[in-house]
Amino acid sequence: MIVKPRTTPIYIKKLEALVRRLPQSHPKRVGISEQLSKRLAGFKGEQEIDFPLSFLPEEEYHLFHDLRLFDGTHYFQLDTLILSQRFILILEVKNIKGTLYFDSHFNQLIRTIDDIKEGFPDPILQVKRQSAQLAKWLRISNYPIIPIETFVVVSTPRTMLQTSSNNQYIYNKVLHSATLPYKVNEIHKSHQKEALQFKQLRNLSNEFINKHVPLEVDILLQQNISQSDIQTGVQCPNCFFLPLERDWGRWRCSQCSTISKDAHVQTFEDYALLINSTITNSSAREFLQVSSSTIVKKILSSMKLPHNDLKKGRKYYLS
């Protein structure tokens with residue numbers, strides 16, 4: 001049973017909004033686009049495991065995707081967590097092409113592609129740390145001891161996996177996504193004792209959801225970009241030109257002649273992702289590049305956004 005579905009991470013949405021709103025000539029646009037590409041590749045890799053996971057019995061397993069918890073000292077994020085009455089399984093998903101060599105001596109992952117070698121942090125060490133943090137979280141949350149298992153899942157089937165011949169530990173910890181259902185079944189058989197009663201399972205499942213802390217990042221501050229660098233105006237959904245012109249209750253693109261009734265929705269989403277989660281009529285006029293407060297009031301009202309009760313300086317909440 002999928003308790004916490006996989007959704008596009010908010011950080012990816014913020015990078016996408018930033019790419020949409022930075023001028024083509026901005027010196028940081030290329031680097032941010034590369035960051036976005038890497039994040040999208042990672043997210044695509046996580047999505048690739050959804051199909052093999054769908055073969056697990058729904059009544060036995062609770063699945064949580066992109067779960068972020070606080071262990072009392074540090075936050076830790078888990079790509080996928082599988083909860084059952086017998087054990088917890090943490091999956092660290094990697095979408096890396098080429099040939100991967102897992103070096104346990106130096107705790108390093110070495111990728112070779114087109115005869116070029118590149119080093120990556122050891123994902124086995126990473127998931128081991130996550131396991132320790134989750135055990136700490138369970139302990140301070142007063143849950144009984146439950147076995148925690150870990151896998152590093154390589155989502156790209158063409159990726160070749162290598163390690164030294166005597167490194168049995170890595171053979172048991174790293175796998176391709178297609179083998180996931182069978183490996184989970186092996187773990188299930190190896191843990192005969194139920195560590196959690198059904199009520200405890202349900203309570204823990206609810207607590208994972210209640211204690212999940214979404215990652216919040218001021219993307220402009222993180223990327224050291226001034227708000228003045230952000231292009232304002234409603235963007236064309238077809239050719240991405242901005243600003244569109246407001247004409248008889250519609251948006252019209254002067255470049256490709258596209259007509260849209262709701263192109264402003266994406267603009268408000270960009271504002272929420274980059275600037276602020278609340279907006280006033282005045283700030284909306286500035287960001288939409290519409291001078292009429294009456295027109296902007298009609299646009300905001302049509303979106304049925306929650307707001308405070310003030311008449312002057314009313315704040316609308318952009319969810």
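The model is predicted, so local features need pLDDT of at least 70 and side-chain atom pairs count only at pLDDT 80 or more, while totals for chains, interfaces and linings use all residues. Residues are numbered from 1 along each chain as its sequence is written, and side-chain values use heavy atoms, with hydrogens and water left out.

**View 1. R6 and D50 meet through their side chains in a salt bridge.** The N to O distance is 2.7 Å; a salt bridge here is a side-chain nitrogen of Lys or Arg within 4 Å of a carboxyl oxygen of Asp or Glu. R6 sits in the loop between β1 (2-4) and α1 (10-21), and D50 belongs to helix α3 (residues 50-53), 44 residues apart. Helices (H or I, at least four residues) and strands (E, at least two) are DSSP runs, numbered from the N terminus. R6 is buried at 15% relative accessibility, whereas D50 is partly exposed at 30%. The cut-offs are under 20% relative accessible area for buried, over 50% for exposed and in between for partly exposed (1.4 Å probe, protein chains only).

**View 2. D270 pairs with R21 in a salt bridge.** Here the N to O distance is 3.1 Å. D270 lies in helix α9 (residues 264-274) and R21 in helix α1, so this pair ties together parts 249 residues apart in sequence. Both residues, D270 and R21, are buried.

**View 3. E92 and K94 form a salt bridge.** Their side chains meet at 3.1 Å, N to O. E92 is buried, with a relative accessible area of 4%.

**View 4. R6, E46 and D50 make up one network.** Salt bridges with shared partners join these residues. The whole structure holds 11 salt bridges.
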